[in-house]
Amino acid sequence: MATPITPVILSGGSGSRLWPVSRKLRPKQFLPLISEDRTLFQSTLERLDGIVNKQPAVIVCNEEHRFMVAEQLQGIGQTNQGILLEPVGRNTAPAVAVAALSLLDKTGQDPVMLVLPADHVITDVAAFQQAIQQACALAEDGYLVTFGITPLTPETGYGYIEQGASLAGFENAWQVAAFAEKPSIETATAYLAGGKHLWNSGIFMFKASAFLRELETYKPEILAACKKTFIQAQHDMDFIRLDAASFQACPSDSIDYAVMEHTRHAATVPLNAGWNDVGAWSAVWEVSERDAANNVLRGNVMTHDASNNLVFTEDRLVTLVGVDDLIVIETKDATLVAHKSKAQEVKRIVTALEAEGRSEAIIHRLVNRPWGCYDSVDAGERFQVKRITVKPGAKLSLQKHHHRAEHWIVVKGTAEVTCDDKTFLLSENQSTYIPLGSVHRLANPGKVPLELVEVQSGSYLGEDDIVRLEDQYGRNEA
C-alpha cells in the first residue's frame, strides 16, 4: 500500500517586493499573479492532484488571512485536514512542527509530509510529481529530503545545497554535503561551473516523526514551545487557533537553520520542473506569457515602440511609449514605476511606507471580508463613501457605531436590513438611514451579489469603531 503523502502548505509571508499588488493583509500567495483565474496558493494545491495517495492538505497561515484561505480552498473544491492559524510569524521550523503535531494527533499515523511554500511557480507538473515520488521513498526510509533546483545562472539571491555522494538504492538522490548561504557573484559562478551545487527551493519531504525527532535533538526549545502551543490551541471548525502567548514565546527559526544544516539524515533530490519563487516583479515577467515585443501586459494597457516591460493595471488606462525594461504597476491607490533590474529594491519603498505609518503598505483600497468586500471610493472631513458587495446568503455582523451614522443605497440585488427592532427588505434604487448608535445588520438573502453604496458621516470614521454584538465569522475586529 502506498504511503500517505500529506501536503503542508506554508502560507505566511508578506510579499513586499511585489508591492503595490501584494500587501500585508493580502500578500502575493493569494493573488492571481501568473494565471488570471488562479492564485499562487490555489495553483500550489492543484499541481498536487494525481500524486499517488495524496491526502488533503494542512494549511499554516497568518490568522488575518484565514478567510481568504478558506474561500480559496472552496473556490477550487479542495478539502483540508486543518487550517493552523499563527497569531505571529515564527518562521518555518515552528510552522512545520505544529503541522506535524497536528497530523500525528489527528490521524494516529505517521504520514510523509510534503512541505511547500504557497507562492512558488512550477511549470512542469509531471517532472515535479515524479520528483515527489522519488523523494517519498527516501522519506519512508527516514531521510529528511530537500529539493534542489539545478542552477541556470550564477544567482546570488538563493541559498545553495552541495551534493555529496549518491545514495545507493534510490533513484536520482544524493546525500547533502553542506548548505551554503547566499553567495557572492564569484562564488555563485564557481558553483555553476562545478556542477555540484543546487539552489535551495525551500521544499521538503519527511515523516512527521522524523522531523520532530531531529528538532528535539537540535532545537528542543522550539519543539517544547510548539507542543505547549498545540495543546492549548482552540479548534473552531476547520480552523485551529494556536495559543498566542506560548507561540509568541517560541524561538523564530527556519527549517534549514534549525534542522537541515545539523541532521545527519539530509538528502536532496534535484528538481528540474520550471521552478520560480516569484520573489520580485522581474520574476513575474520571466514566467509570464509575453507578446511579440517581449512585454507582459495585463489590464487596460497600450504600448508603442516599447519592449521587455511588465505592466499591470487594475483601473486606469496606462500607456507606454519608447521605453524598455520597465515595471509599471497601477492599483486603485498606488502606482509603481521601476527599472526591471531594480525589482528587488521595491521592498525599500514598503519599508519607508511602514515607517511613516502609511496604510498603503498594509491594505488595498479594495478590502476583502468573509462576507464580500468593500471599496473606499471617496473620503473627506467627516464623511466617507464605500461601495459594498455582499455575497449571496452572506451577512455582516450585528453591530453598532459610537461615532458615525450611515446611509445605504442599493444598486443591485436585495438587501435585508436590521435596524434596532425592525427588519425589512430593500431592492434596487431604494435606500435607508442607520442612525448613530443603532444596532444594525446588513444581509443578502438573494442568489446574486448585493451591491450598495454606503455614505458614512460623523466625527470618527475608522474601521475600529465597530462594536460587534453577534458575528458568525468569530471576529473581534473589523
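Two strands pair if DSSP finds at least two bridges between them. Helices (H or I, at least four residues) and strands (E, at least two) are DSSP runs, numbered from the N terminus. The model is predicted: local features need pLDDT of at least 70, side-chain atom pairs count only at pLDDT 80 or more, and totals for chains, interfaces and linings use all residues. Residues are numbered from 1 along each chain as its sequence is written, and side-chain values use heavy atoms, with hydrogens and water left out.

View 1. Arg298 stands opposite Phe312 in β16. Three bridges join β14 to β16 (residues 310-313), and the two strands run parallel. The open sheet holds four strands in the order β14-β16-β18-β19, with mixed pairing. Its edge strands, β14 (296-298) and β19 (335-339), each pair on one side only. Neighbouring strands of this sheet are turned by 5° against each other on average, direction ignored. Axes here are lines fitted to C-alpha atoms, for helices over the stretch in contact, and angles run from 0 to 180 degrees between N-to-C directions.

View 2. Helix α4 covers residues 125-140. Its 16 residues should span 22 Å at 1.5 Å a residue, and its end C-alpha atoms are 22 Å apart, which agrees. The expected span is 1.5 Å times one less than the number of residues. Buried residues (under 20% relative accessible area; exposed is over 50%, partly exposed in between; 1.4 Å probe, protein chains only) of α4 include Phe128, Ile132, Cys136 and Leu138. The buried residues of α4 pack against strands β1, β4 (112-117), β5 (121-122), β6 (144-149), β9 (197-207) and β12 (266-271). Just after α4, Gly142 takes a positive phi of about 100°.

**View 3. Lys28 in its loop.** Lys28 is found in the loop between β1 (5-11) and α1 (40-46). Lys28 counts as buried because its relative accessibility is 7%. Contacts (heavy atoms within 4.5 Å) link Lys28 to Asp119 and Asp277, among others. Its partners also include Gly15, Leu18, Ser22, Leu33 and Leu40, not counting residues up to four places away in sequence.

**View 4. The protein chain around these close-ups.** The protein chain has 11 helices and 30 strands. Of its 478 residues, 51% count as buried. Along its principal axes, the C-alpha trace spans about 75 × 60 × 40 Å. Residues 24 or more positions apart account for 69% of the contacts with a separation of 6 or more.
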